[in-house]
Amino acid sequence: MDYPTQYDVIVIGGGHAGTEACLAAARMGSRTLLLTHNIETLGQMSCNPAIGGIGKSHLVKEVDALGGAMATATDLGGIQFRVLNARKGPAVRATRAQADRALYKAAIRNILENQPNLDIFQQAADDLIVENDRVTGVVTNAGLRFLGKTVVITAGTFLGGRIHIGLDNHAGGRAGDPPSIALAERLRALPFRVERLKTGTPPRIDARSVDFSGLEEQWGDEPLPVMSYLGNREQHPRQVCCWITHTNETTHDIIRGGLDRSPMYSGVIEGIGPRYCPSIEDKVHRFADKNSHQIFIEPEGLTTNELYPNGISTSLPFDVQMDLVRSIKGFESAHITRPGYAIEYDFFDPRDLLPSLQTKFIGGLYFAGQINGTTGYEEAAAQGLLAGANAALQAQERDAWSPRRDEAYLGVLVDDLITSGTKEPYRMFTSRAEYRLLLREDNADLRLTEKGRELGLVDDVRWRAFCEKRESIEREQQRLRETWIQPGSDAAKTVEQKLPQPLAREYSLQDLLKRPELEYRDVAALSGEPVSDEWVAEQVEISAKYAGYIDRQRDEIERLQAYEDTPLPVDFDYAAVSGLSNEVIQKLSDARPDTLARAGRVPGVTPAAVSLLLIQLKKRG
Ligand code: FAD
């Protein structure tokens, strides 16, 4: 049967990409359907119960700046908050929260269920309706047909999913969930390039069986960090402690002894795993000279005894998992509640996507999340928001939008994926961004909220709070620029206590703030009233201290903008460009970049090759 409602946007999958995708489309006023296997697993964290971290919190804050749900759910579910790299520069500072799984999921579900324009339906999507290379709907496993102008697929690790524990394996999308086989076959029949990746998770442990007495405690930060620009500390539930323990030589011997029954080392798993989140067997094998690896023991929630031992992801057979766990300090009598496992799944080459995350071959069809070769909740959420927003834009017959590399980590993520593709699960790092100083986690709202408002992603409450903050920053910056401190004055004497030399002339508060010895709180109260809002103060301080570097990055962006603005036609014949090597022709033909700048970022394409492309473009007129 055809379902009676005609949708603008249909999102398949209620994971981190899918929830942000359907929320974004619905916020923009599009009639939206979220079609997912199981309503109980909306917003489920398949692996570690934590949001944020280096590079990732930048994405979470960008999603938040564009009105998304992830940061708010983290504030409502976070049971330990820390700022990583707190002593380093603001560009690499990153908020990380350990979350209570149940509270996080409940927060996401509550947001979804209260979102106007959004319907949720529990059933598996098995097939796509495609007419004249355009998607027009989805068919469920029960034969129900949902018609829609656009479809966003966010099927995560479920497409052709296969779970491995030792040499045993079975079809599955995640432990306890079915795989998505029919949809995977349907997609494989379309002209996309498909490959396999794998990822893994550690066994979970019952806290009642752990001896914490000799373990190092790790508490969160004080004052408590906050994830959402609209969040506050009072929203956080009770905060808890984590612990640290280590593997040892005995653990490593047990692991080595089990490698012949490891699906990875016996060749049963072919997919490549995440380089930066390797399994413990990988770590022991690759770093043979290390006799110990750190394990963070993280509670899974406030109302459960389950612990997540971060650092011992494994797909070794269960008997080996038992032995290796019990060889670790504190875990001598540990009871495993769930075995660790690895999962192999299909992903589609993201070079077959446009910057909007629409597929190049099927109009109206978008991919977001793990299906594009990424790993991580935050990477998925950011792509989901972008794909959902673009699906809504298309349904509303508006132009597509994708942020540039100098505007957002989301821009970096999408540009990396569609330009270079990926051979291993892609995760975000601050080192992937060339304009790090501009793309800080503290200023994602200043970079993106106005655009979000224009697109229809940002509601009145967020917009008002943002405008107030932006105005307070501007007012305070003006006050600091216009307030002068005279040498010999009481204010000068106060500030000189922190300076190597007395002030030789008059200085504005803004100039004083640029001095490395002084912080906002040293300077702002020398004359007049400082602002009470700590986030406003933070912006004022960072923009003063890093003004020189920030200006330099802006100049460079301007210089390169011409290449960003030079389009390359989809049918551009690279073989006809004289002087290009066969290797470069092949790489550009595979990637089909849409701008000259993007062509220059395809791995292996030299600046000389870009010049040849430019000459050819000029010849074409
Ligand atoms: P998911 O969160 O997987 O959500 C997919 C959703 O789509 C699910 O709700 C599913 O039910 C639904 N769905 C799928 N197919 C259909 C269909 N045909 N019809 C209807 N609904 C469908 N990330 C890390 O960063 N580090 C790690 O160490 C790590 N380890 C992992 C270990 C394991 C075992 C797993 C399973 C995942 C791991 N991840 C890890 C990845 C992390 O879970 C994902 O990156 C993230 O969840 C991806 O989000 P997503 O929205 O793309 O997909």
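The model is predicted, so local features need pLDDT of at least 70 and side-chain atom pairs count only at pLDDT 80 or more, while totals for chains, interfaces and linings use all residues. Residues are numbered from 1 along each chain as its sequence is written.

**The whole chain.** Select the protein chain in cartoon view, where there are 20 helices and 22 strands; these are DSSP runs numbered from the N terminus, helices being H or I with at least four residues and strands being E with at least two. The C-alpha atoms fill a box of roughly 80 × 75 × 55 Å along the principal axes. The radius of gyration is 26 Å, close to the 25 Å that the globule rule gives for 621 residues, so the chain is as compact as a globular protein of that length; the radius is taken over C-alpha atoms, and the rule is 2.2 Å times the number of residues to the power 0.38.

**The domains.** Next, colour domain 1 (7-197 + 347-460), domain 2 (204-344), domain 3 (483-561) and domain 4 (566-620) separately, with bounds that come from an automatic or database domain assignment. The centres of domain 1 and domain 2, taken over C-alpha atoms, are separated by 26 Å, and their contact takes 44 residues from domain 1 and 47 residues from domain 2; two residues are in contact if their C-beta atoms, placed from the backbone, lie within 7 Å. On the side of domain 1 that touches domain 2, S4 gives the most, with six residues.

Select Gly78, which lies in strand S4 (residues 78-84). With 31 C-beta neighbours inside 10 Å, Gly78 counts as buried; a residue is buried if 20 or more other C-beta atoms, placed from the backbone, lie within 10 Å of its own, exposed if 12 or fewer, and partly exposed in between. Leaving aside neighbours within four places in sequence, Gly78 is in contact with Ala97, Gln98, Ala99, Met227 and His236. Helix H2 (56-65) also supplies at least two residues of the side of domain 1 that touches domain 2, and 10 of its 10 residues are buried, including Lys56, Lys61, Glu62 and Asp64. H2 is followed by Gly67, whose phi is positive, near 90 degrees.

**The ligand shell.** Now centre on the ligand, which 37 residues surround, the closest being Gly13, Gly15, Gly156, Gly369 and Ala380; a residue is near a molecule if its C-beta atom, placed from the backbone, lies within 6 Å of it. Helix H1 (16-27), strand S2 (32-36), strand S12 (194-201) and helix H9 (377-395) each give two or more residues to this shell. From Ala380, Gly78 is 302 residues away in sequence and 19 Å away in space, C-alpha to C-alpha.

**The nonpolar cores.** Finally, show the largest nonpolar core, where, of 106 residues, Ile10, Val11, Ile12, Ala21, Ala25, Val152 and Ala389 touch the most other members; such a core is a set of buried Ala, Val, Leu, Ile, Met, Phe, Trp, Tyr and Cys residues joined through C-beta atoms within 7 Å. H9 contributes the largest share, 12 residues. Because domain 1 and domain 2 both give residues to this core, it lies between them. A second, separate core of 19 residues includes Ile280, Ile295, Phe331 and Ala334.
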